[in-house]
Each structure stands twice: as C-alpha cells, then as structure tokens.
Amino acid sequence: MATNQTMITLHRVRMVACSRWSCMSNGKSICMSIPVSGERAHNVGSVLRRFSTSRNRRTVMPAWVIDKYGGNEVLRFTKNASFPVINYPNEVIVKVHAAALNPIDISMRGGYGAATLAMRRDPLNINQSGSEFPLILGRDVSGVIMECGLSVTHFKPGDEVWAAIPPWKQGSLAEFVVLSGNEVSHKPKVLSHSEAASIPYAASTAWSALVNTGGVNKDNCANKRILIIAASGGVGTFAIQMMKAWGAHVTVTCSQNAEGLLRGLGADHVVDYTAGNVESQLKPLEKFDLILDNVGGATEQWALGFLKPWTGAKYITLVTPFLLNTDRLGVADGMMQTGVTVASKALKHLCKGVHYRWGFFAPSGLALDQVSEMVDAKQIRPVVEKQFSFSQVPEAFLKVEKGHARGKTVVNISA
C-alpha cells in the first residue's frame with residue numbers, strides 16, 4: 001500500500017515537472033520515469049531536485065579551489081571540481097564569464113570567518129569539520145544563465161546576469177556557479193562582463209551599509225554631507241558615485257595617488273592622508289551627516305567627533321570584530337561578545353548625540369536591479385584596476401593582497 005501511494009504521488013509530481021521544464025534547444029517537453037520501490041522511494045526528492053533542462057549533464061568543471069586554509073600556496077587549479085546542481089526550485093546555474101576578487105577573498109583563503117560560515121552552511125552540524133573543502137573563492141560574478149529551477153520566472157536561459165555571491169556559498173572562480181534567483185540581477189546593458197564583474201559585491205556592501213543601515217536613499221540624500229574614509233577601494237569608489245547620483249556632498253580620504261581617480265568619480269573634497277594628520281585636515285570642514293569607515297581600528301576614536309550631534313547622524317564601520325570573535329571564541333561566545341561590544345559602543349556614542357553602527361554585506365538581487373539602472377543611466381561606472389586570465393588567478397590574489405587598490409581586480413574566465 002505504501003509503495004502504491006508513493007508511485008501515485010511521484011506520478012503527480014512527474015506530471016507537474018514535465019509541464020514546467022522544457023528543452024531550450026527544440027522546445028519539446030522532457031519527462032523522466034523513475035521506478036520506485038524500497039530504499040529508492042526514499043531518495044525520490046533528491047533525484048527530482050537535480051532534474052534539469054540540460055540534455056547532457058556534466059559532472060565536473062574547471063575551477064580554482066583550496067583544500068585547506070593558508071597563503072597563496074593553497075590555491076589549486078583542477079579540471080575535476082564538482083559541477084553545481086540545482087537543489088531548490090528558486091536556484092539558477094550561471095556560466096561564469098568574469099569574476100572579481102575582493103579583500104574578503106584574501107581573508108577567507110586564510111580561514112577568516114570559518115566558524116561562522118561553517119555554521120551557515122551546516123546549521124545542524126551534520127557534516128564533519130573541513131567539509132567545505134574543496135572550497136571555491138570569488139564573490140563577484142558576471143555571466144549567462146544556463147539553467148533555472150522550477151519556480152524561477154524572472155530569468156531564463158541565455159539571460160546575461162551579475163551577482164554578489166554570499167561567502168558561505170561556492171564562489172565564482174569556476175566555470176559555473178549556482179545561486180538563488182533572489183541574489184541574481186540582469187547585467188547592465190552598457191557593460192561588458194569584465195566591467196560588470198567589478199561591481200556587485202562592493203555595490204551590495206555599500207548599499208547595505210548606506211541604505212539599509214544608514215537610512216539614506218535617492219529621496220532624502222540631497223545636500224547631505226557624507227564622509228567616506230579610505231575611499232579608493234571597491235566599496236568606496238561605488239559609494240562615491242551612488243551618493244553623488246543622489247545629490248549628496250561627498251568628502252573622501254585616500255592616498256595622494258588616488259586623488260585624481262576619486263575626483264573623477266565626483267568627490268567634492270579629497271583629504272590626502274599621506275599629506276598630514278587627517279583630523280587636522282577635517283577640522284576646518286563642516287560636520288557630516290554620515291561617515292562610512294572602510295578602515296576601522298583607531299579611526300573610530302576620532303571619526304565620530306566629525307558627525308553633527310543630535311541630528312540623527314550616523315557612523316557606519318565595515319570593519320567589525322564579529323567573525324574574528326566567533327573564530328576565536330566559538331559561535332555562541334563570539335556572538336555574545338560581539339553583542340556586548342556593539343551595544344556598549346552604541347550606547348556610549350548615543351549619549352553624545354550620534355549613532356554608532358556596524359555595516360555588513362547583504363546579497364540582494366533587488367538592490368542590484370536598481371544599481372543596474374543607475375549604471376545604464378551612466379550614473380555609475382566600473383573601476384577596474386587590472387585584469388587577469390583564468391590561468392593567472394594566483395597572480396590576481398597577490399595583486400589584491402598587496403593592498404592600496406585603485407579599483408577592482410578582475411579575472412576573465414570564459415569568452
């Protein structure tokens with residue numbers, strides 16, 4: 001009786017699947033017959049989750065992986081990385097045309113955030129320690145949709161897309177990557193894949209910090225005074241352009257050799273931290289409505305003094321101890337320590353009339369939709385410092401590791 005019921009249920013599921021999936025090459029429906037009995041009935045769900053529009057299923061692909069945490073020596077090229085599969089109906093598989101590296105890739109290569117990311121990948125702690133390996137790095141991607149899950153309606157195979165890949169997922173330094181449809185957005189039409197890959201992770205981080213945490217948007221940003229500390233990296237160069245597009249007055253700090261770049265992106269006032277004490281250079285200026293700090297550390301000891309008190313002004317730092325705490329103390333104690341730290345700092349500065357906040361990366365296809373519109377409207381342009389081929393990934397890591405970036409480092413993976 002149980003076996004008959006299973007076969008009836010599977011028959012209904014198969015009918016639905018057949019009506020939703022089609023082969024893009026000839027438009028014919030694909031159907032799949034799965035005999036069910038005994039243990040095989042138990043595995044029906046996992047079989048159906050792998051049901052795909054592809055006529056020929058691949059099992060491996062080229063990728064750069066790491067098998068342990070460490071320096072650049074742990075990077076390994078393989079042609080036998082596991083091909084990504086669609087496990088949930090809202091997922092898509094993207095053929096990667098270009099990827100970009102961020103400082104977080106350097107940190108993750110060394111094990112930064114391993115405890116927290118392991119919990120996010122495996123919340124029930126079913127897998128053994130080290131189950132994330134072989135791990136593919138790379139948080140930015142621009143490419144083409146190859147396959148879509150059953151519930152994906154906003155995209156179709158062949159669409160050009162871009163995305164910021166969450167750190168707990170396999171990254172973009174591979175031929176293919178699987179993502180949630182909620183994390184993906186249509187690529188700006190005016191950009192090549194190489195240009196587009198330079199934007200998503202920085203844009204998502206800046207958007208989360210400035211819009212979600214800072215509360216600014218295109219309707220309330222006009223004439224606000226914004227200070228961006230260490231603005232020559234990916235987040236800073238994007239934030240300058242977004243704030244200027246929304247009508248803000250933007251002051252930045254950077255080294256002397258990045259001044260021309262940042263003025264070209266629209267910065268109203270540039271403070272060269274190599275020319276003298278930053279505090280003394282900022283003192284003659286009018287105070288700010290919002291400060292975005294890409295440096296952290298000792299900076300917050302003086303930066304909050306440049307906010308307008310009792311006006312709702314916010315200081316937002318992207319350098320937080322959250323992942324360091326969980327790596328050092330474990331997830332539970334690390335989260336507790338982090339909560340105590342942020343609460344005490346927030347209360348301390350609230351008493352002085354300013355708001356202290358931490359900013360975090362948050363993947364959002366909806367945010368990238370709006371960024372894409374701004375790019376196509378020529379309000380935002382990519383800032384690419386250097387491009388590498390897929391075979392030069394170790395050299396690309398070394399470039400990012402040296403720091404002092406004036407734009408993004410891009411890896412071209414496929415034409």
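## Aromatic pairs

The model is predicted: local features need pLDDT of at least 70, side-chain atom pairs count only at pLDDT 80 or more, and totals for chains, interfaces and linings use all residues. Residues are numbered from 1 along each chain as its sequence is written, and side-chain values use heavy atoms, leaving out hydrogens and water.

Rings of Phe, Tyr and Trp (its six-membered ring) pair if their centres lie within 6.5 Å; planes under 30 degrees apart are stacked, over 60 edge-to-face, and the rest tilted. The count comes to eight aromatic pairs. Two of them are tabulated.

| Pair | Centre to centre | Angle between planes | Class |
|---|---|---|---|
| Trp-207 and Trp-246 | 5.6 Å | 75 degrees | edge-to-face |
| Trp-302 and Phe-306 | 5.9 Å | 85 degrees | edge-to-face |

Trp-207 has a relative accessible area of 9% and is therefore buried; Trp-246, at 10%, also counts as buried. Ring pairs also join Trp-64, Phe-77 and Phe-390 into a cluster.

## Confidence

The average pLDDT (the predictor's confidence in each residue, from 0 to 100) is 86 for the chain, and 86% of the residues score at least 70. Over residues 1-55 pLDDT stays under 50. Where pLDDT is low, the predicted coordinates should not be read in detail.

Conventions
Contact means heavy atoms within 4.5 Å. Buried means under 20% relative accessible area, exposed over 50%, partly exposed in between (1.4 Å probe, protein chains only).
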